Every structure is written in structure tokens, then in C-alpha cells.
Amino acid sequence: MKSEATQPDVQTLLAQVQDLTAEVEVCRMVSMAARSSDNALIVTDRQGRVNWINPAFESLTGYTLADFKGRKPGELLQTRATDPATIAYIREQREQGLPFETDILNRRKDGTNYWAHIAGKPLRDNDGQIKWFMAIQRDVTALRRDQSRLSFHHEAIQLLSQAKDIDALIPQLLARMAHFIGWPVGLAWEVKTQRWVGDVNMICAHHWSGNALRYAGFLAASQRTTWQKGESLLGQVWEQGQRAFFPVMTEQLDPGRGKQAIKEGLSSSLVIPIRSGARVTYLLEFVAPCMQALDPESLDMLEGLCAQLSQFIDRCRDELRVRQFMTEFDCLFKLSPDGFVVFNTEGIRSYGNPAFYAMTGLTRERLDGVSETQFDEILASLCAPQDRPAPIGDIARDDNGDRLQLIVPKPAVLQRAVRDMYDSHGTYIGRAVYLRDITREMEVDRMKSEFLSTAAHELRTPMVSVHGFSELLLKRPFSEEKRRDIYETIHRQSKLLVNMVTELLDLARIESRAGKDFHIRPLDVATVVDQAVNALLIQGDTRPVHMHVPTSLPRVFADEDKLIRALTNLLSNAYKYSPAGGDIRLDVLARSHMGQPQLGIRVTDHGIGMTPEQLARVCERFYRADPSCNIPGTGLGMSLVKEIMTLMGGEVSLSSVAGEGTQATLWLRTVTDGYRA
């Protein structure tokens, strides 16, 4: 009876069979679902060995269950590039019986890499013991690539937006681009140009490497290499202006670096040109061990970034050219002796150069924020009321300009012109006022007119005399004695006329040639003095020249003929302007002037002398200290002496007392000990 009680009845067995059948059916449905799932499923035992994979896993990895038999997934799927930290995280979670979820870089059976999002959890039996681990893998390569591209594009755009300098931006961008495509070496080659020659060569301007020590030899070889257009690998890309991928770098293709690249395990090269219009300005080169060409989308992204970099480079170079132009512009206008004032489109003064402030006495602070109308009023305040200038708006419409008669800060005449400024599109960008100080020119014109008037008057006097007396001889009979007296007058006046014309011509020739016909050399003063005195002939005057010339005099720098001419004029004046007699004295003396030794030839007379007013004007052309005109002369002698001494680097000094006489000294530079002929 007891054994019958412990045996299960048929109904119980049937129920158990039904339960088992249901569980089997559930397992079958789960298995079917797992096999049909698009997600890759893998089941491992507690030790991590593969028990089962679904078809999606086989499709994803290329491996079958037989390949995994008795092996752990990482033995086939993990690569050298797989993050060790990710591997350690998965192992630690499994050992602790905890679920895990992460992204991991795996390798397919065909050798290609892919990114998988893996989520794993332990499977427990009815007693709660971990029996298996199941993991679901999903291929997220495209997603991560898109995220990487977005992140890279964001970083690159941020770099471009914040950059201010080409040389600072390119190394950073080069590193970002190399990191994005996973290549270990990046190089930036710059095309060097000369203004009149054009493109000359190409050099390595920047380089980057994720492992600079490993690729040190290749980087050094790149820095030593210079490329010509059309030459070898990079020269061809430079010439063609198109991106290029070279699967294998050889010594023939890259003679400067090929051998070193092979030695350090580098093979593939990707080169992308950066263009400015039709001209290549840079080449970006990325080098790696043997690699496949990048996918078209990544290449398009890199080229798009290079196009943006090209725009940035063009903008930086344009800004540099503008800064250089503005610097040159500012320098030129600061150095210009003419004044410039610029008004912006709103009619407010925006610029004024130093010459303008100097000639008007105005300051930058006073003109800050000044409008054109206010500027007109300020200029008017510098002129006399009767010479009030026209508004600059009216002058802008008149191409001839006008003149300003300033009385403040000092009397001056300014030539003014006003121009409206337009850019290349014809848009009005402001107005410029140009001022040139023509005070000296006006004074020179006045002096020329005065000189011509004076010269005409001085020449007319002897000409009238010659003409009048010759006419008398023709029309009236005279005694022989009277006729001879008239002839002497005509001869005297014609001689004066000839002397005057000769001296005028000499003076004009000396001024026009500005000393170019002077032959300045070391001369002995005593010799020059002897020649001048011995050649001096004063008709009707037998007074000697008393000379005091020391021995052992230093030589002087002078033109011998011109110095004799100047000294002769001084001696001639000494005789002419001392008609009542008195000694004529010539002394040679020395002095130091502004730290430089000089030698002087002094001529002293005891004649009529000059007042201070006469002395101040004695070197003016046609000025004569004899108001009676009884003493013959042209009034040009001292002007000629002054001009000669100035061009020889010396000077003439005069002192005189009315009624007592005059001293005139020619000061000359002496030859120093350091001079070598």
C-alpha cells in the first residue's frame, strides 16, 4: 500500500508531460525568434566559451559556430586597436555576474573592423545560479562614423571660427584631421612664391604625428625636402591641383622620403590640395601604414573642410595685405609734407595727417567728431574775414580747387583740393581734403618777378646811356674832344653792361648746376692768395695789398678757380669802396667752428663802410651800398661770393662800420690728418 501511494498517478504524469512540452515549445519559439532576430546574439558558458550564436551574429562577424567552438569571443573578434579598458570592463562585469553595456571595436573574419554596441547579462537556472551569459551585439559603425564626423566637423568649424592666425590654425587642424581618419602622420606643405617670379618651391611648413618618436626619421626627411612643381609625388599633385591617394610610397615615387617611409613602416599617402582660385597655396598630406582609400563621404568632408580652410587663408592674407597697405598708407601720409584730411560717409572727420596739423596749428583732439560744416568754420577762423574760404562741398564739385590765405598760426598760402571717394562698386565712401603749402613757391615767384624787374631796370640804365649817346653822335656834330668824352661814356657803360650780364650768367650757371662743375680738392692757401693778388689790376690805383700769411698753413678744401674768383671780388670791393685811400690788408687766420677747424682769408679796407641795415642786405642781388652810384659796379659781386662759398662748404662773414671800413672773411674747411687723397 505504501509503495502505491508514492507512485505518481497517470494524471500527474500527463500534466508534467504537458508542462515539459509547453516549455520545449517555448524554447523552440525562443530559439526561432533568436535565429530570426536582426540583432547578433551570442551565448557563452560561465568560463566565457561560446555555446551558441545566431545567424545574425554569423552575418555580422563572418564567423560560424564551428569557428568559435571551445573559444572565447575575444580570441577572434578583438584587435590591437580594441580599447584595453573596454575589455577589462566586460571581464570584470562577467566575473561579478553583473550585466554590462558598452561599445567595442571588433574585427570581422575578412579582416575589416566594425564597431559593435554590446549588451550582456547573466542567465540563471531555477536555483538562481549563473549558467550562461547572453550578449546582444548591434553594428553601430555607421552611427559612430556619423557621430565622429559631426564631432570632427564641429571641432573644425570651432577652430576656424576662433582662429586668427594661419600658422596657429594649420597645426591644430592637421592634428584633428589625422585623428579623424586614424592616420598617424600629417604634414602641411606651403607653396612659396616671389612677387615677380611666381611659384618657386614647396616646403614642409607644419607636421603632426601621434607617435613622433616612431616616425622621427620620416618627419625629419620631410622637413629637409623641397619640392618643385611637377616633381615626384607631391609636385604632381601641386601641378594637377587634385586630391590623390597613393597606396604604396616607393623610392622612385618619393625619392626624398620613400626609403625612410618604408624603413618606419609607412606606405600609404593621401594628399589634398588647398587652392586660392586656380592656384594651389598648401598641400595637406596624411601618411600611414598600408591603408585602403577612405570612403567617399569622409573624403568629401575633408575636401569641404579644406575649402573652408582655403577661404580662411585667403581672408587672412587679404587682411594682412590690408594691414600692410594701411601701414604703408599711414607711413606715407605721416611723412608727406602735404596735409590730408578724410571724412567718412557720415561727413565726420576720420583722419588727419601730421603735416595738416602742423600747417594749420590745429590738434587731433579739437577735430575729433567734427563734421564737414564745423570743419569749414574752423578753417574760416584761420583766415582773414575778407578771405573766407568756400565750403569743402562746393570745392568737391570744382576740379580746380582753391587757395586759402591763412593768418593763423602764421601767414601762409595753402593750395586746396577736395575729392569724393568711391569704392570699386561705385559706392560713396567719404571725402578727402588735400592741402599743400605753396607759401614758399609764392614767395619764390614774387622774388623772381622782383629780380626780373630789378635786372631789367639795372640793365636798362647802361643800355639807355649807350643808346642815347650813340644817337647823339649820329644826329649832332661834336668837337673831337666832346666826341671822345662821349665815346668814353659809351665804352664805360657798355663795359658795365657786359660785366653785369657776365656776372648774371655766372650766378645763374652756378645755381643751376648746384656745384656739379666745382672741382673741390685740397689746396694750399698761400698759392691761391698769391695768384689772386698778382692778377688784380685796379686802374689808376697803385696801393699794394699788405699780406700777412703765416707759414706751415694746413690745406683747405676748395675749387681753385672759384676761390680765386671770390677772393678777387673781395679785393676789388676793398679798392672800389675806399676811394679816399687807406691800406688794403689781407690776413690768413684760423678758428674752430662747431668743433671743426677752419681757415679764413680776411680782406680789410678803410673805406666808406656800411650801416647795419646796409650790411644786412649786402649779399642781395643788385644791392649796392653806394647810393650815389659814383662807384662803378653791378651789385652782383657779393651774391656771387656767397653762392661760391656755400657750395664749397664754407661761408662768408662780414663786419663793417659806416665811415671806417669793412672786413670780409672767407672761411674754408681745413684738411684733417685723417684725410687720404
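User: Is phenylalanine 180 buried or exposed?
Analyst: This is a predicted model. Phenylalanine 180 has a relative accessible area of 14%. Buried means under 20%, so phenylalanine 180 is buried.

User: Which kind of aromatic pair do phenylalanine 152 and phenylalanine 180 form?
Analyst: The structure holds 15 aromatic pairs. In this one, the centres are 4.4 Å apart and the planes lie at 5°. Planes under 30 degrees apart count as stacked, so the pair is stacked.

User: How many residues apart in sequence are the parts that this pair ties together?
Analyst: Phenylalanine 152 lies in helix 7, residues 141-162. Phenylalanine 180 lies in helix 8, residues 166-181. The pair therefore ties together parts that are 28 residues apart.

User: Is the pair of tryptophan 189 and tryptophan 227 stacked or edge-to-face?
Analyst: Their ring centres are 6.1 Å apart, and their planes stand at 80°. An angle over 60 degrees counts as edge-to-face. So this pair is edge-to-face.

User: Which strands does the tryptophan pair tie together?
Analyst: Tryptophan 189 and tryptophan 227 are both buried. The pair ties together parts that are 38 residues apart in sequence. Tryptophan 189 lies in strand 6 and tryptophan 227 in strand 8, so the answer is strand 6 and strand 8.

User: Which ring does the charged end of arginine 144 sit over?
Analyst: The charged end lies 3.6 Å from the centre of that ring. The ring belongs to tryptophan 115.

Key:
Residues are numbered from 1 along each chain as its sequence is written. This is a predicted model: local features need pLDDT of at least 70, side-chain atom pairs count only at pLDDT 80 or more; totals for chains, interfaces and linings use all residues. Side-chain values use heavy atoms; hydrogens and water are left out. Rings of Phe, Tyr and Trp (its six-membered ring) pair if their centres lie within 6.5 Å; planes under 30 degrees apart count as stacked, over 60 as edge-to-face and the rest as tilted. Helices (H or I, at least four residues) and strands (E, at least two) are DSSP runs, numbered from the N terminus. Buried means under 20% relative accessible area, exposed over 50%, partly exposed in between (1.4 Å probe, protein chains only). A charge sits over a ring if NZ of Lys or CZ of Arg is within 6 Å of the ring centre and within 35 degrees of the ring normal.
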